Amino acid sequence: MPRSRICLVLAVALLALGALLGACSSGTQPAAADCDTPGVSADQVRLGLLYPDSGPTASSLAAVRAAVDARLGLANAGGGIHGRKIVYDWRDDQGTTEANAIGARDLIEGKQDFGILEYSLAADGSARYLAERDVPVAGLAASDSWSTNRNMFSFSYTTGSVSDTYGTFVKSRGATRAVLLTTALSTGVSDAGGRIAASLRAVGVPVVDQLSYT
């Protein structure tokens with residue numbers, strides 16, 4: 001996944017975090033130390049990161065850590081969020097829903113992180129748990145969980161109602177037809193592939209073949 005796209009999602013997440021933390025702040029100064037929001041202290045905001053550092057999808061998401069470090073570093077250089085420095089803990093979900101669920105619980109219950117950054121195709125593993133606890137989640141929307149849970153948000157969605165965003169971008173690069181490759185990792189990935197195909201067709205780019213692989 002390109003670093004620029006990851007940084008864009010993080011920029012959206014940081015704007016949302018600023019709004020969410022406004023109640024614990026006064027102007028741009030750090031809040032009093034007795035703010036009782038999990039993961040938030042007088043001088044720090046703790047986030048959790050879930051992504052596949054190993055497993056079958058690791059290579060396609062290898063840029064995640066570098067992009068997170070770069071974007072949070074930029075935010076911290078500008079004063080963080082209401083004067084608080086942004087730090088994060090991370091867990092390798094290996095691209096599986098089981099490890100994703102375990103990682104989320106460890107970050108929220110063990111590390112007491114405020115919110116979660118999800119850059120994984122296995123986010124369904126923790127979606128229900130995080131929604132039940134109203135934990136804000138930002139990241140890569142690759143399953144229906146992102147469209148049905150109000151605590152999860154991204155800059156673009158491949159689920160829910162079909163959008164022509166992907167098709168418009170591909171067509172702007174000169175494409176006249178497409179072949180779609182999808183993995184067999186989860187139903188969320190399969191559904192996303194179908195919606196991308198529909199997005200392409202919506203702008204007149206025919207999908208001449210669709211191949212799945214493991």
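Ala, Val, Leu, Ile, Met, Phe, Trp, Tyr, Cys and Pro count here as nonpolar, Asp, Glu, Lys and Arg as charged, and the others, Gly among them, as polar. By these classes, the lining of the second largest pocket has six nonpolar, two polar and three charged residues. A pocket is an open set of points on a 1 Å grid over the protein atoms alone, with protein on both sides within 12 Å along at least five of seven lines, and its lining residues have an atom within 4 Å of a point. The lining comprises 11 residues, and Pro 38, Phe 114, Arg 133, Asp 134 and Val 135 lie nearest the centre of the pocket. The space in this pocket is about 200 Å³, where a volume is the space filled by probe spheres set on the points, joined across faces, edges and corners.

The model is predicted: local features need pLDDT of at least 70 and side-chain atom pairs count only at pLDDT 80 or more, while totals for chains, interfaces and linings use all residues. Residues are numbered from 1 along each chain as its sequence is written, and side-chain values use heavy atoms, with hydrogens and water left out.

The chain holds seven helices and seven strands, which are DSSP runs numbered from the N terminus (helices H or I, at least four residues; strands E, at least two). From the N terminus on, the order is α-β-α-β-α-β-α-β-α-β-α-β-α-β. Of the 214 residues, 43% count as buried, that is, under 20% relative accessible area, with exposed meaning over 50% and partly exposed in between (1.4 Å probe, protein chains only). With contact meaning heavy atoms within 4.5 Å, 65% of the contacts between residues at least 6 apart in sequence join residues at least 24 apart.

Two loop residues other than glycine have positive phi values. His 82, between α2 (64-77) and β2 (85-92), has phi near 50°. Gln 94 is partly exposed at 40% relative accessibility, and His 82 is partly exposed at 23%.

Ser 120 sits in the loop between β3 (115-118) and α4 (124-132). Is Ser 120 buried or exposed? Ser 120 is buried, with a relative accessible area of 1%. Not counting residues up to four places away in sequence, Ser 120 touches Leu 50, Tyr 51, Pro 52, Leu 61, Asp 93, Asn 100 and Leu 140. With Asp 93, the side chain of Ser 120 makes a side-chain polar contact of 2.5 Å.

Conventions. On a 1 Å grid over the protein atoms alone, a cavity is a set of points where a 1.4 Å probe fits but cannot get out, and a pocket is an open set with protein on both sides within 12 Å along at least five of seven lines; lining residues have an atom within 4 Å of a point. A polar contact is a pair of N or O atoms within 3.5 Å; within protein, one must be able to donate a hydrogen and the other to accept it, and residues adjacent in sequence count only if both atoms are side-chain atoms.
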